[in-house]
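Here is a short report on a predicted model. Look over the sequence and the coordinates first, then read on.

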Amino acid sequence: MSELIEHLKNDIRIRESLNACIHCGTCTAICPAASFYDYDPRELTAQVHEIISRQDEDKLKELLSGDYIWYCGECMSCKTRCPKDNVPGVIIEALRSLSQDSGLFAESEKGRQQLMIKRSIGEWILNYGYCVVGDHLNLDLFPEQGPNWQWVLDNIELVFEKQGAHFMKEGSGAMRKVPQQDLDELYEIFKVTGGLKRFETIEKFSETKAQQMGMEFDETHDCEYFKHVYTHNSKK
Amino acid sequence: MELTGKQKIWEKYQKEIPSDSYYYARSCIRQNFWPGSENTFIKILREELGKDIKDEAHHTTCTGIAYHSDVVPLETTMTVVARQFSLMSESGYEHFVPSCITSFGLYTEILETWHEHPEIEQTIRNFLKESTGRTFEKPKFLIHPSDVIYSLRYEILKKARYRLINIETGRPLQCVEHIGCHYAKMFPDAGVGGAEFPHVLAGMVEAWGGEVIDYPERRSCCGFGFRQYLVQANRGYSIANTKRKFESMEPYKPDLIVTNCPGCPYFLDRWQYVISEMEGKIYGGDGYGIPALTYEELAGLVLGYNPWELGLQMHQVSVEPLLRKMGFLYDPADKYVVGNQIIQDRPDHPDVLKVL
């Protein structure tokens, strides 16, 4: 059996969330992604079932290299209603893990976007202890925040203080500065459990893809490749 | 007593919510966008109701947003969650209360996985020991803060200074409630009322005098979709799904939206602004939007807390029209006063959406 199929088959999320589908289509009917993209969780479930049962590595590679697996929003609305206990949203999680760990994510437009997510919330976890750090969410990257958020950013310490929060200050409280000893523990967890390795893999394959695409690549949010993956949508 | 008949049927929709001694884990999104909500939750518990809640500095993100955006492996997330449990155990608590619905869903999923697969729990214990030297006990109860407020809604009512009633008409305010997908769609037994009859927010609204709107897209996603919002190229997914909810609720003329998940009010607030700029469309009355509140903010208003200490100035959609409907006495100027200082700066106004 191929290594990729072996990995997929042994992922606990596949073992727990992939059963024979009866094609009722309920998951597709209630899926927000299916109402927006050309995406069908019923079809995805059947496809993965077939790939594993036939050990079709070529088809798996094609799936992991394409946009299709990146359309789901992981809202998990599909979990509630499936009469066969399938969870297409969790199957997607396993596929996306494999796509990144194998480097195939870099072959699709939607997959390449993982660089942006790694360089924002991924790195904020290690640097601040939070997935989201408000003062990094400027209106250039997130214009929908609106003028009120700009006012918050301009006066962030006072606005937070008014609400009893401790923006990047010592001690407990909202948006406190997480102590260095706790950030060190987080880093060690990421090192031991494969979190850092995934970050490195995303960087490595993104750099190679940037070279293939002839785009400037560095470690910042300002390089050509980063801006491209963050904003480019060929299906507009 | 053995439950039979209808009592037995309804049993699975109930949730046991411990009445005291909570270990609080803050939410990445809530503390950034609605920091006053987290402080309000603690204030209500400690100062109004005399409860014990631990709020300490050493916990971190659970990595939930990164996990559901797929940049963090499952084993890493499980081990970070195990560390959170270790901090809870170390503090002598057994009731874990994560402030975020994404966290709540993830913790539920992880505990369920460990229950079904003890060998995975053991692997994670080994990872935690190796990386931090820590051990942990699993929580006796995993509860969302809204579960706690729901269980105390009549205690809060006893201290209420305002009701969810329009003082001009005497009629109940019309409320949209949005419980968030990861609260009970993944593990229905984990939520009050399950996925079929979610009552956690509806119970608060009804107890405090409001009326819940049952509109067609009531249970649809707010539109977050994790990577579908985080990456600018994908945001059409997010706004399109949120817009579908607005279009569906609009005919019922909601006075407010109350939300469970910290992310949902962000999308239900910000996308109103964007839709107004893109299409000139406004869903609330008189040119204002529909205020989208957290349940802590709603509880705080009912208790008569200062709206600006609750953090209602953080919303792009102005909340003042709602305050007026409730007959809420507030000082507009206090929005910009912090201790002895005054914020001189004022937010710019959007082109279309009216704000105060």
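Which are the buried residues of α11(B)? They are B:V200, B:L201, B:A202, B:G203, B:M204 and B:V205. Helix α11 of chain B spans residues 200–207, and six of its eight residues are buried, so the helix is largely enclosed by the rest of the structure. The cover over these buried residues comes from chain B elements, including α8 (145–151), α9 (153–158) and α15 (295–302). Strands β5 (174–178), β6 (211–212) and β7 (256–259) of chain B are also among the covering elements. Just after α11(B), B:G209 takes a positive phi of about 105°.

**The nonpolar core**

The largest nonpolar core has 172 residues. Those with the most contacts inside this core are A:I91, B:V81 and B:V258. Leaving aside residues up to four places away in sequence, B:V258 touches B:C175, B:E177, B:L201, B:V205, B:L293, B:Y295 and B:L298. Two of these names come up again: B:L201 and B:V205 are buried residues of α11(B).

**Two domains in chain B**

Chain B is divided into domain 1 (19–145) and domain 2 (146–342). Taken over C-alpha atoms, the centres of these two domains of chain B are 25 Å apart. Their contact takes 29 residues from domain 1 of chain B and 34 residues from domain 2 of chain B. On the domain 1 side, α2 (28–33), α3 (35–48), α4 (64–68) and α6 (101–116) of chain B each supply at least two residues.

**Chain A against chain B**

The contact between the chains takes 68 residues from chain A and 73 residues from chain B. On the chain A side, the largest share is nine residues, from helix α13 (residues 180–193) of chain A.

**A partly exposed threonine**

Where is the place of B:T123? This residue lies in helix α7 (residues 118–132) of chain B. Is B:T123 buried or partly exposed? B:T123 has 16 other C-beta atoms within 10 Å, so it counts as partly exposed. A residue needs 20 or more to be buried and 12 or fewer to be exposed. B:T123 and B:T61 are 62 residues apart in sequence. In space, their C-alpha atoms are 21 Å apart.

Key. Residues numbered from 1 in each chain as written. Chains lettered and ligands numbered in written order. Predicted model: local features only at pLDDT ≥ 70, side-chain atom pairs only at ≥ 80, totals over all residues. Contact = placed C-beta atoms within 7 Å. Helix = DSSP H or I, 4+ residues; strand = E, 2+ residues; numbered from the N terminus. Domains from an automatic or database assignment. Core = buried A, V, L, I, M, F, W, Y, C linked by C-beta atoms within 7 Å.
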